[in-house]
Amino acid sequence: MIVAVLEDCPAQRDWVTKLLHDRGHQVVARGDGDSFIALLRSQVVDAALLDWEVPGASGLSVLSWARSNLNRSMPILMLTQRDDEDDVVTALNAGADDYLHKPLRERELLARVAAQARRSRHADAPGQELQVGPYAFDLQSRRLTVQGRPVSLPAREFELAALLFRNPGRILTKDALCQHIWGTVDRKYDASLATYISNLRSALGLRARNGYVVSTVYNYGYRLERVA
């Protein structure tokens with residue numbers, strides 16, 4: 001799982017990063033709210049841990065932005081010294097999934113992250129439908145139609161296509177795509193990923209004349225774009 005951490009205290013940030021990394025998670029971290037929002041604009045993550053009082057946009061502002069702009073099922077946990085009941089209610093009403101008081105306890109933090117990851121997997125489970133332009137995904141039956149025409153894709157190419165169409169306009173890093181499809185980050189999958197992207201361009205007609213393209217961000221990742 002890719003976890004984004006917003007924490008302005010370097011020692012605390014390093015501790016949380018190591019803790020999560022040791023449990024097999026990939027961690028991206030920032031020390032201020034503005035750069036954290038910039039991170040979320042450019043990279044897909046599976047969960048976010050937010051300190052409240054940080055430079056730039058506050059953790060609460062980041063929370064509100066994320067709930068307005070990102071997948072609403074993505075787990076977001078507030079990690080803060082603010083323990084007043086009104087603060088807790090404010091954060092939960094703004095969309096936080098959980099609220100942990102500092103000083104953080106190792107086992108509790110890991111358990112809360114794991115619990116929210118399970119909830120998110122359930123929320124994103126098959127049974128949803130996704131419609132983007134002429135592309136219609138039935139995620140339960142794993143069926144895809146383009147302008148009403150059925151298109152058959154291998155399982156991993158279907159997962160890749162669904163992820164791209166869930167995030168139009170956003171750069172999806174190679175690491176994020178590999179983590180989603182193979183469950184791990186490994187450069188040995190880069191060639192397979194490039195092949196899958198090429199296959200999708202052909203199978204789904206992802207060309208400018210059809211309104212959607214998948215562009216390559218050199219040495220970084222891919223982005224589904226709508227072409228006017």
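The exercises below go from sheets to helix contacts.

This is a predicted model, in which local features need pLDDT of at least 70 and side-chain atom pairs count only at pLDDT 80 or more, while totals for chains, interfaces and linings use all residues. Residues are numbered from 1 along each chain as its sequence is written, and side-chain values use heavy atoms, leaving out hydrogens and water.

**Exercise 1.** Work out which way the side chains of strand S3 point and whether they are buried or exposed.

*Solution.* Begin with the naming: strands (E, at least two residues) and helices (H or I, at least four) are DSSP runs, numbered from the N terminus. Next, recall that in a regular strand the side chains alternate between the two faces of the sheet. In S3 (residues 47–50), Ala-47 and Leu-49 point one way, whereas Ala-48 and Leu-50 point the other way. All of these are buried, a word used for under 20% relative accessible area, with exposed meaning over 50% and partly exposed in between (1.4 Å probe, protein chains only).

Strands pair if DSSP finds at least two bridges between them. S1 (residues 2–6) runs parallel to S3 and is joined to S3 by four bridges, with Ala-4 opposite Ala-48. S4 (residues 76–80) also pairs with S3 in the parallel sense, over three bridges, and here Leu-49 stands opposite Leu-77.

**Exercise 2.** Find the strand order of the open sheet of four strands and name its edges.

*Solution.* The order is S6-S7-S8-S9, with antiparallel pairing. S6 (129–132) and S9 (149–151) each have a single partner strand, so one side of each is left without a neighbour in the sheet. From one strand to the next, the twist averages 20°. Inside the sheet, S7 (residues 135–138) and S8 (residues 143–146) are joined by four bridges; Phe-137 has Leu-144 in S8 as its bridge partner.

**Exercise 3.** Describe how helix H6 sits against its surroundings: which strands does H6 lie across, and how does H6 cross H7 and H8?

*Solution.* Start with the strands: H6 (residues 155–166) lies across S6, S7 and S8, at about 120° to S7. Axes are lines fitted to C-alpha atoms, for helices over the stretch in contact, and angles run from 0 to 180 degrees between N-to-C directions.

Then take H7 (residues 174–182). Its axis and that of H6 come within 10 Å and cross at roughly 135°. That makes H6 oblique to H7, since angles under 35 degrees count as roughly parallel, over 145 as roughly antiparallel, 65 to 115 as roughly perpendicular and the rest as oblique. Contact means heavy atoms within 4.5 Å; the H6 residues Arg-156, Glu-159, Leu-160 and Leu-163 meet Leu-177, His-180, Ile-181 and Trp-182 in H7.

Finish with H8 (residues 190–203). The axes of H6 and H8 come within 10 Å and cross at roughly 75°, and the two helices are therefore roughly perpendicular. Among the H6 residues that meet H8 are Arg-156, Leu-160 and Leu-164, and the H8 residues include Tyr-196 and Leu-200.
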